[in-house]
Amino acid sequence: MKDRINISTWIDNFLKRRYDKKESFNDDVKTQIEAGWYDWFCKDSSLANKTKRMGNIIAKLIKGGKVDLDNNYVWFKNNCPLNGPLYDDFRFASLETGEVQMTIQLDCCWNNHRYSVWGRRHPGADFEHDRPLFETDSVRELINWLNSPWEA
């Protein structure tokens, strides 16, 4: 990922299809890095479809929810655990500090649900490693949870 952009701008780019698969292999990999890919173990040709899958979730985020769309950026990782299959996640991090605020894991074999959210209960809080903040098998429930404000 070359330049960090806030999530609002990322969503605008995604909706304008700037991260869609390119004809040329080199252009496609470059585009996916610009979309926010940091690390992957899958085939390079898989990245655009992964961006689209996760981007369809990110594109539904609204201001006022748990994710600060103006002061955070998104990045992607395809994880290769020592014991288990590959799985994807996307992370929201502070534009100012780079500190990860939230990680959303998709189809990780160690979680009990299809989507698991790990992170901080609010900005400035410690990152919780012992249990997920939220888990669900429904993308709709995930989006609704992300779009609801933090409880006081």
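Modeller: The lining of the second largest pocket divides into three nonpolar, two polar and four charged residues. Here Ala, Val, Leu, Ile, Met, Phe, Trp, Tyr, Cys and Pro count as nonpolar, Asp, Glu, Lys and Arg as charged, and the others, Gly among them, as polar. This is a predicted model, where local features need pLDDT of at least 70, side-chain atom pairs count only at pLDDT 80 or more, and totals for chains, interfaces and linings use all residues. Residues are numbered from 1 along each chain as its sequence is written, and side-chain values use heavy atoms, with hydrogens and water left out.

The lining residues are F14, R17, Y19, D20, K21, A48, N49, T51 and K52. A pocket is an open set of points on a 1 Å grid over the protein atoms alone, where a 1.4 Å probe fits, with protein on both sides within 12 Å along at least five of seven lines; lining residues have an atom within 4 Å of a point. The space in this second largest pocket is about 190 Å³, as filled by probe spheres set on the points, which are joined across faces, edges and corners.

Helix 3 gives the largest share of this lining, four residues. Helices are DSSP runs (H or I, at least four residues), numbered from the N terminus. Helix 3 covers residues 47-58. Its 12 residues should span 16 Å at 1.5 Å a residue, and its end C-alpha atoms are 16 Å apart, which agrees. The expected span is 1.5 Å times one less than the number of residues. Buried residues in helix 3 include A48 and T51; buried means under 20% relative accessible area with a 1.4 Å probe, protein chains only. L47, K50 and M54 are also among the buried residues of helix 3.

Key: Helices (H or I, at least four residues) and strands (E, at least two) are DSSP runs, numbered from the N terminus. Buried means under 20% relative accessible area, exposed over 50%, partly exposed in between (1.4 Å probe, protein chains only).
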